[in-house]
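Dear colleague,

Please find below the structure I am handing over to you. My notes on it follow directly after.

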Amino acid sequence: MKYKEYKQLQLSEIGKEIRNYWEKHDIFQKSIDIRKNALPFVFYEGPPSANGKPGIHHVMARAIKDIFCRYKTQKGFLVERKAGWDTHGLPVEMGVEKSLGITKEDIGKKISIADYNNECRKDVMKFKSEWDELTMMMGYWVNLDNPYITFENNYIETLWQLLKRLYEKGLLYKGYSIQPYSPAAGTGLSTHELNQPGCYRNVKDTSAVAQFKVIRNKLSEKLFSLTDTDVYFLAWTTTPWTLPSNTGLAVGAKINYLLIKTFNPYTFIPVSLVVAKDLVSKYFPEKNADLPFEDYKEGDKNIPFKVLGEFSGREFENINYEQLMPYAKPEEGNPFRVVLGDFVTTEDGTGIVHIAPSFGADDFRVGKQYGLGALTMVDKRGQFIETMAEFAGRYVKPEYDTNFDPSKDNSVDVDIVIKLKAENKAFKVEKYEHSYPHCWRTDKPILYYPLDSWFIRTTALKERMIELNKTINWKPESTGSGRFGNWLENLVDWNLSRSRYWGTPLPIWVDKDRTEFKCIGSVEELKTEAFKAVEANLYSFDYLRDIVEKYKTIFTTEERDDFNARINCVIDRNEETGLRKLAYKVVEFLLKDVHRPYADDFILATQDGKAMYREADLIDVWFDSGAMPYAQLHYPFENKNLIDEKKYFPADFIAEGVDQTRGWFFTLHAIGTMLFDSVAFKTVVSNGLVLDKNGNKMSKRLGNAVDPFETIEKFGPDATRWYMITNAQPWDNLKFDAEGISEVQRKFFGTLYNTYAFFVLYANIDGFTYKEKDIPLQERAEIDRWIISELNTLIKDVDAAYDNFEPTQAGRLIQNFVDEYLSNWYVRLCRRRFWKGEYSHDKIAAYQTLYTCLDTIARLSAPIAPFFMDKLFLDLNNVTSKHNAISVHLTDFPVFQQNSIDKDLEERMQLAQKFSSMILSLRKKNNIRVRQPLNKILIPVLNPAFEKQVRKVENLILSEVNVKTAEYLYDTAGIFVKSIKPNFKTLGPKYGKIMKQIAAVVQDFNSDDINKIEKDGVYIFSCENQSVTLTTEDVIITTQDVPGWLVATNDGFTIALDITLTPELIEEGIAREIINRVQNIRKEQGLEVTDKITLYIESHNEINSAVNNNISYICTEILAQNLIVTENLINDHNKIEVEILEDIKVFLKIEKNNN
RNA sequence: UGAGAAGUAGCUCAGUUGGUUAGAGUUUGAAACUGAUACUUUCACGGUCGGAGGUUCGAGUCCUUCCUUCUCAACCA
């Protein structure tokens, strides 16, 4: 049986071929089956959403997942990978709204919720086939047959169960939160919606610095004792309409404030004002400090002021002030106080922040913390409420008025500040330009508004989450300790509510009085509770008939007939049992899909039989994905032990983009901590972004998005994966450049393919099928032991890299080995062994060595380049059957052999490479081509160990650089020019401060000094009144030059070259030139490597003796059985003219011999 | 605004606990080698290691500060 030979490397074709092979032989399933009884390595797939097409960055993220799952499989673990789909959420709904041409308000009116959700269900899997295709195409092994889908009833049932557990632990509560709200659209907005492009716009608003009058009492006496006027806090706002809702003022504890006496610029009344010291100059020009108060006249532009005292913010805490615009008082709390806030800065404003808890997130938080109470003087339409007297009914932003006319400035802000000015409550009013968010749908400004929401009390478990996070292996580490750790430190309660339609319904029912709540934990429980409500007669006939009417288009024919019959039955006989049977039937029908609107139709009963209705909210989709470890198993209804006994929880490994830090990573962690007191994943790799080659974000809009399908089709999946993994660390951003893939294709895959091609070319000739016993290492050539040693070092390092979740390192190591060691040194130097001579012991050793390298590379690289490496593996293994496996992915990961590693050997081979390169460089400088043999090289010997190392690789060097002999030079006669320099690394710590002086002394050493330290091993001198002892370790001695020779020095190594050309050398050079020309002709004429020939050479004075003196050498090299020097070629039409040396041209003829 | 990451040759990236001429590939140009090669080898060009300070005998590496890019979270006076 022969190894397959190829004309060309077709990575894309290999991808397809191997993909078919995998599918045909079910290799993925087999890779799991063979580990059936092994330890599991638990991997969770973060569910993508299939309502958008996959991009190139998905190839990146999935390559990372795939690499470690394959690696762990090869390491002997059972790695199951269940695919998943994220199906709920706003992006889906927005897509559907867009394609149906409707808005949120139309849902339930123009289209029924049932139909709408049906559209969502269809839409969300729109691109599933593209996703599946990419998965197969790129070789991402994940079980697509039985994925978890977040919209399925079973999945939602687990979510309900988890929510119920949270509820029972008291971790679920209803409260207010301040959310972006669009009064024009009448809906809250998610941050997602707020981050739509163009939402933030620069607008000019009326800003005001208001005076809050301090109430004189014990706490505030320190202020009043310094002045004879009223005292005010100055606070700045860009939204004067929030001032009627003010309930507090915030100052910075560490900020310094000044009390300043001056006049109000609008009322001219003398006042004393508190303002941050850093901001005083903003309101009080320095030059006015000296103006005498008694000279001030009403209306003067320059208003005098005087600093009366300085306070820290802390001293103001809890001081009371008079309510600025007293239209209403908060129902609860202790308002109108000064509080401390960490968000207060002196960047702008006055260093004192007006707090309206209803209209700002910070305000809300600090208000709650201090119990300030809240005032919400604006309704959901954006109008001031009734109690606002003259302002009642005014829109807080004029844009909300449908008759809004931008030419007239009828902003209520202006009217408010006019009123404040008149009441001696405004200190400064001006237009202020800032960026303000707008609703993407109505184009009108949004408000921050308190909305009812359900929360998860994540803050209650904050400390535990932080603690558990420290046990997670984050790649890179900074994402865990920094970005994620920081997020946990500043954790707020998780707002779970969403007012949408397509998502997991919140399973909480409440009665009209909101006194009794019920959280449902399973479909069965819902059914039981609903039946109870049926018993309690809470499902009226009209109600049931409406439901049947509502869903008539959804029923099957049987269902419709059945329901109609039952309804008619109730009507005809008007009997109670009939009604109940109908109700049961309706409940059963509703249970088939627990989404809205069906979930909304359930009525449950309180203890005393009152009706309870579902809270209309959906839950945050992030809960869906965060609950995936449990929901994918339909826990606890099935697979209970897998979670409870920690058999399939937590995950050993997950990987997603870094953008998931506060998304999936957080929700996994939060749910794991809250409900199972455990991390949800032990290792997480968060990869960076894929940018275009110029470092810009890819986007469809810019047209710089890279199509993953085209890329893989063009370059093949392996090169694409290899490039993405080796070019940058996964967590760094990748600047994606197709040029880089073709480089990988050429350099890595090309080289490896060629190495394989080289191997099979000769292995097929010699019939090597690895049937011989392994030749022991010590019987193999030095170079064989060297590459085996390097190979084992490679196995060790690559294994460690994978194990540390460092795929980039693993790939780069392999690449370097293949390129530097295997192809360009081992194969290059061993070529002759393969094509010369008999099928000998040494030749077999060479084949075995090269085979082992190729086989090992295939197994080491299989996780990153699964197709190509399987191909390579199969092409080798199909002939030799060394492994009892039909795919590389069913083999074990290579195990390194410590006793095969020989560091001395690796070191001297490096020496050989270095010397060769130095000599080649010398040749180049002197224009002596490599084919011209030279007599000898001289190697200065500085120590015996060095000589020993070099002697072992001497022959390698000589043949590589085409030199006859090597001579070792000992410095007995002082013929070297040596140089010495101090070893800073050893001397630095010892002598520190006088290092510079020592260095100067050492560099001035003459050859006697150098000889002395070499001989004695120690050298003592004094420097800066200090005795300095140098040992040989403290200096670095190198040979600089060997006078009279052609010398190259590099990295402290020196080598000299004898370039004298004798006639024999010149003739041999000519012979080699002839060989070279003949070989080229052989190749051009398409002769086989093994074909024997007869060579005719035209007689030529300059070369005849070279030919005659090297005749047998020439013949063996070119496989010539006869070599004939003749004068009759001129007329031969098969002759070929070649140039042997400059100006020496001769005719050659090659005839193929038949035997 | 906050948090995180990054900034080294035209481009893509290495650069260990600080140790004295800062590397590789790629690009461009010149040449050589090759009976595996789409490779390789050699030479040339290419750097204020983002800027400025500081610590140290010594800083690409440690500290401070600023600048730029990206990401996430936010935007509240």
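Helix α3 (residues 56–74) lies across β23 and β24 and runs at about 165 degrees to β23; axes are lines fitted to C-alpha atoms, for helices over the stretch in contact (C-beta atoms, placed from the backbone, within 7 Å), and angles run from 0 to 180 degrees between N-to-C directions. Helices (H or I, at least four residues) and strands (E, at least two) are DSSP runs numbered from the N terminus.

This is a predicted model: local features need pLDDT of at least 70, side-chain atom pairs count only at pLDDT 80 or more, and totals for chains, interfaces and linings use all residues. Residues are numbered from 1 along each chain as its sequence is written, while chains are lettered from A and ligands numbered from 1 in the order in which they are written.

β23 and β24 belong to an open, parallel sheet of three strands, ordered β15-β24-β23. Its edge strands, β15 (473–475) and β23 (654–657), each pair on one side only, where pairing requires at least two DSSP bridges between two strands. The twist averages 20 degrees from one strand to the next. Three bridges join β15 to β24 (residues 683–687), and N473 has T683 as its bridge partner in β24.

Elsewhere, K213 is placed in strand β5 (residues 200–213). Leaving aside neighbours within four places in sequence, K213 is in contact with D230, Y232, Y321 and E322. The C-alpha atoms of K213 and N320 are separated by 8.7 Å, although the two residues are 107 residues apart along the chain.

Kind regards

Terms used: Two residues are in contact if their C-beta atoms, placed from the backbone, lie within 7 Å.
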